[in-house]
Amino acid sequence: SEFSRPASRPTSSSSANEVQPVAGRPRDHFRPSSNGGASDNIQIGSRVQGNWNQLGYWHPAVAVARLPGGGYMLQYDDGMEEQTSADCVIPWNAAPPAPPAASEVDKRAMPLAPRRRSVSRVQESEKVRKQFEQERKNKLEVFKLKNEDKRWAEMHGLRGDDGAFQGMIARFRASMPVESAPPNANACDARIAVYVRKRPLLPNEIKDGGYDVVTTGTSQVGSSLVMHEAKTTVDLSKAMDNHNYKFDGVFGDASTNTQIFETALRPMVRYLFNTRGGHATCFAYGQTGSGKTCTMAGHGNEQLNDGNALGLYAFAANDIVAEAAAA
């Protein structure tokens, strides 16, 4: 078959010094079968060049161990490690072997140089991840189940674990002070501003036994929210993790599209007309059914008189036309 490999690889004593290219296997164009015995002189801990993944691209590395089969364990300068054969390792000052000539078909199949992440970037991303986890841990508040939570559940006809968790959420909300911090007034000056809107539970969700696990600082416009995570600990007791988050603005389940436009989008329209060449983008992100369409386009029912008949599209268009007419 044209995709099969040769039965054996030539040794350093054979007349052929390199494996012949095999169609369909572009990496074989770069796999010298020997390096003239140079690998025999490589000392553990010395600087070498390694043929990364046998792709023909030689990267600086250190030989950290000798493998039983005659190969080496290499640690590359960018932090990657690899076990490779001896013919893929050459001394630091040696010139990498030139690849054999390839046909036009073979050239089109040649692999691109692999993109490698540097050690500094890997370390930086790990540092950011640990910092995020520490901040998350510091903000975490754990609620333990109390008898009053059970009594609250019984008073509201709720049973089981879901009733106990809803009792803990009710206790948390009763002890939570009303938020006085308004949305970030300087958000319009930032390159990116993030706003979150909480929608109320739908009738079918309530019918299916769903309950509200998001508490906003205020029912309308604020800047923080708490996510309640129900859990059972290792001793089988019930508890709840309260995750605190702050955003440029948080709109509660009683907020309206008018409030969202006044807080988040109207400053963007002002920026467009007050800045030469200015531009701005607003997009809604969320899972299916989270309320994106109602926010951006409105539900269109004026009779409900809930402030959501018109969406942000219409509010922004009206404001742009009014600004253009006044200019």
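Asn 53 is partly exposed, with 35% relative accessible area; the classes are buried (under 20%), exposed (over 50%) and partly exposed in between, for a 1.4 Å probe and protein chains only. This residue belongs to a predicted model, in which local features need pLDDT of at least 70 and side-chain atom pairs count only at pLDDT 80 or more, while totals for chains, interfaces and linings use all residues. Residues are numbered from 1 along each chain as its sequence is written, and side-chain values use heavy atoms, with hydrogens and water left out.

**Confidence**

- The protein chain has an average pLDDT of 78, and 77% of the residues score at least 70; pLDDT is the predictor's confidence in each residue, from 0 to 100.
- Confidence is lowest in helix H1 (residues 104-108), with a mean of 54, and highest in strand E7 (residues 195-197), at 93.
- Helices (H or I, at least four residues) and strands (E, at least two) are DSSP runs, numbered from the N terminus.
- Over residues 1-37, pLDDT stays under 50, and the model has 63 contacts beyond four places in sequence for them; a contact means heavy atoms within 4.5 Å.
- Where pLDDT is low, the predicted coordinates should not be read in detail.

**Asn 53**

- The loop between strand E1 (47-51) and strand E2 (58-66) holds Asn 53.
- Asn 53 and Glu 82 are separated by 29 residues in sequence and by 7.8 Å in space, C-alpha to C-alpha.

**Two buried polar residues**

- Asp 241 sits in strand E10 (residues 238-251) and counts as buried because its relative accessibility is 7%.
- The side chains of Asp 241 and Lys 231 are joined by a polar contact of 3.2 Å.
- A polar contact is a pair of N or O atoms within 3.5 Å; within protein, one must be able to donate a hydrogen and the other to accept it, and residues adjacent in sequence count only if both atoms are side-chain atoms.
- Asn 308, in the loop between helix H7 (292-297) and helix H8 (312-326), is buried because its relative accessible area is 9%.
- The side chain of Asn 308 makes a polar contact of 3.0 Å with that of Arg 197.
- Beyond four places in sequence, the contacts of Asn 308 include Ser 255, Thr 256, Asn 257 and Cys 294.

**Positive phi values**

- Leu 236, in the loop between strand E9 (221-232) and E10, has a positive phi near 70° and is exposed at 67% relative accessibility.
- Asn 305, in the loop between H7 and H8, has a positive phi near 50° and is exposed at 71% relative accessibility.
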